[in-house]
Amino acid sequence: MTRTDVKVRYLPESKVLYPTPVSAASGVESALRILEGRWKLVILFHLFGGKVLRFSDLERAIPAISQKMLIQQLRQMEADGIVRRTVYPQVPPKVEYHLTDWGQALCPALDALLQWAASREEIASGAVEST
């Protein structure tokens with residue numbers, strides 16, 4: 001008699017995070033809630049690539065944003081774990097911002113989103129040329 005428990009293996013558990021459209025929609029909604037806000041994506045693009053920027057550098061890089069709005073967006077991103085804030089105890093105060101590893105992991109997803117948007121423009125320009 002042979003032992004079947006040695007020969008038969010269990011199937012590995014599925015690695016699908018969102019098995020239903022409802023759970024997928026919920027996941028997308030929670031991700032977009034983290035990134036919602038007019039300036040968050042702009043701030044992210046300035047911090048990608050391991051850049052460490054001071055508050056004043058971000059103000060200069062995004063001239064259309066008010067100081068109050070920049071502070072609010074950075075605080076929300078810090079609370080969500082996307083941005084890390086480092087305060088140096090000196091006079092005048094020095095505050096630097098950089099992306100956490102989790103925030104940096106957004107880079108490929110946002111690059112894919114940019115490529116997706118560019119493909120629409122290519123399709124639109126191709127459709128105009130063909131008519």
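Helices (H or I, at least four residues) and strands (E, at least two) are taken as DSSP runs, numbered from the N terminus. The model is predicted: local features need pLDDT of at least 70, side-chain atom pairs count only at pLDDT 80 or more, and totals for chains, interfaces and linings use all residues. Residues are numbered from 1 along each chain as its sequence is written, and side-chain values use heavy atoms, with hydrogens and water left out.

The protein contains seven helices and three strands. From the N terminus, its elements follow the order α-α-α-β-α-α-β-β-α-α. The protein has 131 residues, of which 21% count as buried. Buried means under 20% relative accessible area, exposed over 50%, and partly exposed in between (1.4 Å probe, protein chains only). Contact means heavy atoms within 4.5 Å. Among contacts with a separation of 6 or more, 51% come from residues 24 or more positions apart.

The three strands form an open sheet in the order E1-E3-E2, with antiparallel pairing. Strands E1 (53–54) and E2 (83–88) stand at the edges; each has a single partner strand, so one side of each lacks a neighbour in the sheet. Two strands pair if DSSP finds at least two bridges between them. Strands of a sheet pair through backbone hydrogen bonds, either parallel or antiparallel. Six antiparallel bridges link E2 to E3 (residues 94–99). Arg-84 has His-98 in E3 as its bridge partner. Val-87 is bridged to Val-95, also in E3.

E2 and E3 form a hairpin, with five residues between them. Pro-92 is found in the loop between these two strands. A cis peptide bond joins Val-91 to Pro-92, with omega about -5°. Most residues other than glycine have a negative phi, and most peptide bonds are trans.

Thr-100 sits in the loop between E3 and helix H6 (101–104). Thr-100 counts as buried because its relative accessibility is 10%. Neighbours within four places in sequence aside, Thr-100 is in contact with Gly-81, Ile-82, Val-83 and Arg-84.

Helix H2 (residues 21–35) has 15 residues. The expected span of a helix is 1.5 Å times one less than its number of residues. For H2 this gives 21 Å, and the end C-alpha atoms are 21 Å apart, which agrees. H2 is followed by Gly-37, whose phi is positive, near 125°.

The largest pocket holds about 390 Å³ of space. Its lining comprises 17 residues; Ala-31, Leu-32, Leu-35, Leu-106 and Ala-109 are the closest to its centre. H2 and helix H7 (106–130) are the elements that give two or more residues to this lining. H2 gives the most, with seven residues. By class, the lining has 15 nonpolar, one polar and one charged residues. Ala, Val, Leu, Ile, Met, Phe, Trp, Tyr, Cys and Pro count as nonpolar, Asp, Glu, Lys and Arg as charged, and the others, Gly among them, as polar. A pocket is an open set of points on a 1 Å grid over the protein atoms alone, where a 1.4 Å probe fits, with protein on both sides within 12 Å along at least five of seven lines; lining residues have an atom within 4 Å of a point. Grid points are joined across faces, edges and corners, and a volume is the space filled by probe spheres set on the points.

Ala-61 lies in helix H4 (residues 55–61). Ala-61 is partly exposed, because its relative accessible area is 32%. Ala-61 and Ile-43 are 18 residues apart along the chain, and their C-alpha atoms are separated by 8.9 Å.
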